[in-house]
Amino acid sequence: MSAGATHDFCVVGGGIVGLATAMQLLQRHRGASLVLLEKEPALATHQTGHNSGVIHSGIYYAPGSLKADLCKRGERATKEFCTEHGIPFVACGKTLVATSPLELERMAALAERAVQNGIDVEHLDAAELRRREPHIAGLGALFVPATAIVDYRQVCAAMARVIQSLGGEIVLGARVSAIEETEAHVTIRADARTVRAARLVACAGLQSDRVARLAGLPVTHQIVPFRGEYYRLPSEKNGIIRSLIYPIPDPDLPFLGIHLTRMIDGGVTVGPNAVLGFAREGYRKLSVDVRDVAQYLFFPGLWKVLARYRKSVRAELAGSLFKSAYLKECRKYCPSLESSDLLPYAAGIRAQAVTRDGTLVHDFLFLESPRTLHVCNAPSPAATSAIPIGEMIAGRAAGAPLDG
Ligand SMILES: Cc1cc2nc3c(=O)[nH]c(=O)nc-3n(C[C@H](O)[C@H](O)[C@H](O)COP(=O)(O)OP(=O)(O)OC[C@H]3O[C@@H](n4cnc5c(N)ncnc54)[C@H](O)[C@@H]3O)c2cc1C
């Protein structure tokens, strides 16, 4: 530990990326002292606790890319972690359904990508799709057996237990409000608490740009909140699908499209869409945070994104405002759904890093100083990939010597 420091490591953020990183730091540096600071009264309160609960296979990502590699390794590591810690998961598989000739073409490209990524897929024709999923209609489908479902809050609770068993401390209700770095250590203020650590790793999700600014780093991008709105089906329709049902994604769009997802509690959710949010951490439809909105309205990158994706922005907004538009999307592959089947369900909010030139960042974005490492974008599916992401960050964070 450096002179005057109270801890070897301070990790900011009790989402799955912060927890996986803290766990890996302690596993690499047995006996090191580590404190994890989370501003909320519970772990996994934001993105990690408001997602679809899918352990993805990595089929979508460019072969050889870091994202593809992390997702594939993450899928295996998450299942192993769940088995080791008695956390239920169900490998129900994912069916990607093509509903038009164009989607059949895109599906063929996706199948090719799966082969290059070393992911097993089965090709289903329309009749086989109907036999396996009697409520789903399409011209053909790809079935990915490796895809599974889990409750990521339970995964986080188990990670927290591992951290504590390795001597790490987790402090809830500790909002980091000041970070000061000297040659000797980093001083972090979180409410009444002051931590002096040899190294700081910040995994602050929706607040990651602000936390990096607290440390005085040059932040040129901005986190823009994209709401992912869900519905759930009435419980008598829980048996409507056997696997997870996904549309074939449009390669020009950044999100996966509305899907039917079996949840680990037996329910089925429909969603998410992706609409601009009016609050980074406000989950109700009418939640507005004036500071959040003002900040992105004055950010040129946002306007460029809205202009670039205007067609899909309009379609997503229509789906958000009108249930009928949302339902139309789901009926493309599940024609029996009725408006009365779409019951309210909590939304999630995605931390989307956007650069000043209007690029949506889909890769990792780190900002660093000699003693701090800020994860400013951990691209989805970061819940699936969290364990190898944690390994990667822990390796990077400990790259410089801990002493002096
Ligand atoms: C709608 C939706 C669906 C998704 N579905 C999936 C899926 O099915 N599978 C999958 O693999 N991925 C999915 N993802 C992506 C995945 O959930 C996220 O990539 C992942 O949870 C990110 O984790 P995180 O730890 O980086 O962020 P978060 O979970 O947001 O954690 C960041 C933490 O930092 C804390 N924090 C922030 N500022 C401070 C501060 N100043 N002081 C102290 N603490 C602070 C926050 O309170 C928060 O707890 C989905 C995301 C969304 C939004």
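Guide: Start with a term: a helix here is a DSSP run of H or I, at least four residues long, numbered from the N terminus. Val290 is found in one of these, helix α7, residues 290-297. Keep in mind that the model is predicted.

Visitor: Why is Val290 called exposed?

Guide: Exposed means over 50% relative accessible area. Val290 has 64% relative accessibility, so Val290 counts as exposed.

Visitor: What makes the nonpolar surface patch with Val290?

Guide: Phe278, Val288 and Val290 make that patch, about 310 Å². Nonpolar side chains are joined within 5 Å.

Visitor: Is Ala44 buried or exposed, and how do you know?

Guide: The cut-off for buried is under 20%. Ala44 is at 5% relative accessibility, so Ala44 counts as buried. Ala44 lies in the loop between β2 (34-37) and β3 (54-55).

Visitor: Which residues does Ala44 touch, leaving out those up to four places away in sequence?

Guide: Gly14, Gly49, Arg153 and Cys156.

Visitor: What makes β18 an edge strand?

Guide: The open sheet has three strands in the order β18-β13-β20, with antiparallel pairing. β18 (275-276) and β20 (348-354) each pair on one side only, and these are the edge strands.

Conventions:
Residues are numbered from 1 along each chain as its sequence is written. This is a predicted model: local features need pLDDT of at least 70, side-chain atom pairs count only at pLDDT 80 or more; totals for chains, interfaces and linings use all residues. Side-chain values use heavy atoms; hydrogens and water are left out. Helices (H or I, at least four residues) and strands (E, at least two) are DSSP runs, numbered from the N terminus. Buried means under 20% relative accessible area, exposed over 50%, partly exposed in between (1.4 Å probe, protein chains only). Contact means heavy atoms within 4.5 Å. Two strands pair if DSSP finds at least two bridges between them. Patches are made of residues with over 30% relative accessible area and no salt bridge: like charges are joined within 9 Å, nonpolar side chains (Val, Leu, Ile, Met, Phe, Trp, Tyr) within 5 Å. Accessible areas come from the Shrake-Rupley method with a 1.4 Å probe; for residues, only the protein chains shown count as cover. A salt bridge is a side-chain nitrogen of Lys or Arg within 4 Å of a carboxyl oxygen of Asp or Glu.
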